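Q: Can you walk me through this one, starting with how you use your terms?

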Amino acid sequence: MRVVIAEDHYLVREGTRRLLEDTGEADVLAAVGTAGELLDAVGRLRPDVVIADIRMPPGHHTEGIAAAHAIRAGHPGTGVVVLSQHANENYAFDLFRRGTDGLAYLLKERIGEVDELLRALREVAAGRSVVDPRIVEVLMGSHARAADAPLSRLTRRELDVLRHMAEGKTNRAIAESLRLSESTIEKHVNSTFAKLGLAEIPQLHRRVSAVLAYLRHAPAGPD
């Protein structure tokens with residue numbers, strides 16, 4: 001995979017570069033420190049995937065999310081993995097509000113879990129989506145409390161399946177995790193999608209679709 005890294009902390013940036021290159025699965029084309037440099041590098045180098053910190057110069061707010069949206073709009077063949085130090089549901093909602101294709105939201109601690117980072121890179125490079133398991137927990141805990149939230153319609157088992165779907169697992173992987181048959185998981189998936197009003201939407205990415213469904217129905221967080 002051809003990768004561009006955007007991270008304003010030098011040691012994190014170069015450490016990530018070294019970790020990826022040592023796997024033999026990634027060719028880091030550039031490692032930059034600002035959102036502006038990131039957009040320039042993507043325009044020149046056309047990488048398969050980008051890794052971007054959420055907070056970067058000049059403002060140290062959500063420059064990484066803005067850059068991710070610009071990259072996906074201008075270079076739809078480039079996936080983006082956005083990293084954050086915090087499991088922030090507002091960041092997740094902001095990142096995925098225009099769609100899920102080719103986007104991932106991971107906690108920065110995943111840099112040290114090279115296999116998980118590579119999996120996320122492969123997923124977004126293929127146009128799919130990934131959400132960090134801890135962020136899924138925050139989203140589900142926050143919105144399931146609302147009495148009229150879409151998640152209130154789901155059974156406990158369907159919630160378990162939803163959590164695994166949002167983490168990016170296939171039906172087979174969910175079946176192995178929950179020690180159930182793959183056909184049983186498929187039934188729970190279909191039931192979950194039906195209850196959330198997603199059954200008729202074609203080619204919907206299962207990894208984060210249910211999470212985004214209840215986010216759309218829940219009140220937006222503060223700006």
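A: Buried means under 20% relative accessible area, exposed over 50% and partly exposed in between, with a 1.4 Å probe and protein chains only. The model is predicted, so local features need pLDDT of at least 70 and side-chain atom pairs count only at pLDDT 80 or more, while totals for chains, interfaces and linings use all residues. Residues are numbered from 1 along each chain as its sequence is written, and side-chain values use heavy atoms, leaving out hydrogens and water.

Q: Which residues of strand 4 point which way?
A: From strand 4, Gly79, Val81 and Leu83 point one way and Val80, Val82 and Ser84 the other, and all are buried; strands here are DSSP E runs of at least two residues and helices H or I runs of at least four, numbered from the N terminus. In a regular strand the side chains alternate between the two faces of the sheet.

Q: Why is strand 4 called largely enclosed?
A: Because 6 of the 6 residues of strand 4 are buried, the rest of the structure largely encloses it.

Q: How many bridges join strand 3 to strand 4?
A: Strand 3 and strand 4 run parallel and are joined by 5 bridges, where pairing needs at least two DSSP bridges; Ala52, for instance, has Val82 as its bridge partner in strand 4. Strand 4 and strand 5 also run parallel, joined by 5 bridges, and Val81 has Ala104 as its bridge partner in strand 5.

Q: Switching topic, which residues of helix 3 are buried?
A: In helix 3, the buried residues include Ile65, Ala67, Ala68 and Ile71.
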